[in-house]
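This report covers aromatic ring pairs and a nonpolar surface patch. The coordinates and sequence come first.

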Amino acid sequence: MNQFVQRVANYIANEIFIKGLANSKTFQKFAVHTDRHITKIKKEGMETLNTHVDELHKQATKAAFSTSSNSSGGTSSKGSTLMPPTKPLSGISGFFSALGKVIRRDLGIEGGGKKG
């Protein structure tokens, strides 16, 4: 009996609401206006996104070339030998050491390290 009531309700909703809205000029105008508005917003958003991506690419390329040209000048005290990274301190002393480095970097008083 429950399925029968559900089918009747579905049929009534389909006939009255959906077909009624499909034949309504006001709803059609609303649907067209909404579609145009959403399409316009998507287009503007994609253009803005593409512009930002292009600017980011230019800045990243510029930074990559300036970093590689600065580091290739032979100013490195380690030479051209690649070394594995050193393991950071662990425990509370490692935490405070890392915190101190971040604070010095943020304040611009980093001693001897390179600024990023």
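Searching the whole structure, a predicted model, turns up two aromatic pairs. Phenylalanine 27 and phenylalanine 30 make up a tilted pair. Their centres are 6.3 Å apart, with 40° between the planes. The rings of phenylalanine 95 and phenylalanine 96 form an edge-to-face pair, because their planes stand at 70° and the cut-off for that class is over 60 degrees. Their centres lie 5.2 Å apart.

| Aromatic pair | Centre to centre | Angle between planes | Geometry |
|---|---|---|---|
| Phenylalanine 27 and phenylalanine 30 | 6.3 Å | 40° | tilted |
| Phenylalanine 95 and phenylalanine 96 | 5.2 Å | 70° | edge-to-face |

Phenylalanine 27 and phenylalanine 30 both belong to helix H2 (residues 25–71). They sit three residues apart, about one turn of the helix. Phenylalanine 27 is partly exposed, at a relative accessible area of 36%. Phenylalanine 30 has 52% relative accessibility, so this residue counts as exposed, the threshold being over 50%. Phenylalanine 95 has 49% relative accessibility and therefore counts as partly exposed.

Next, the surface patch. Met1, Phe4, Val5, Val8, Tyr11, Ile12, Ile16, Phe17 and Ile18 form a nonpolar patch on the surface. Together they have about 1,000 Å² of accessible area. One of these residues is Ile12. Where does isoleucine 12 lie? Isoleucine 12 is part of helix H1 (residues 2–22). Its relative accessible area is 40%, so isoleucine 12 is partly exposed.

Note on methods
Residues are numbered from 1 along each chain as its sequence is written. This is a predicted model: local features need pLDDT of at least 70, side-chain atom pairs count only at pLDDT 80 or more; totals for chains, interfaces and linings use all residues. Side-chain values use heavy atoms; hydrogens and water are left out. Patches are made of residues with over 30% relative accessible area and no salt bridge: like charges are joined within 9 Å, nonpolar side chains (Val, Leu, Ile, Met, Phe, Trp, Tyr) within 5 Å. Accessible areas come from the Shrake-Rupley method with a 1.4 Å probe; for residues, only the protein chains shown count as cover. A salt bridge is a side-chain nitrogen of Lys or Arg within 4 Å of a carboxyl oxygen of Asp or Glu. Helices (H or I, at least four residues) and strands (E, at least two) are DSSP runs, numbered from the N terminus. Buried means under 20% relative accessible area, exposed over 50%, partly exposed in between (1.4 Å probe, protein chains only). Rings of Phe, Tyr and Trp (its six-membered ring) pair if their centres lie within 6.5 Å; planes under 30 degrees apart count as stacked, over 60 as edge-to-face and the rest as tilted.
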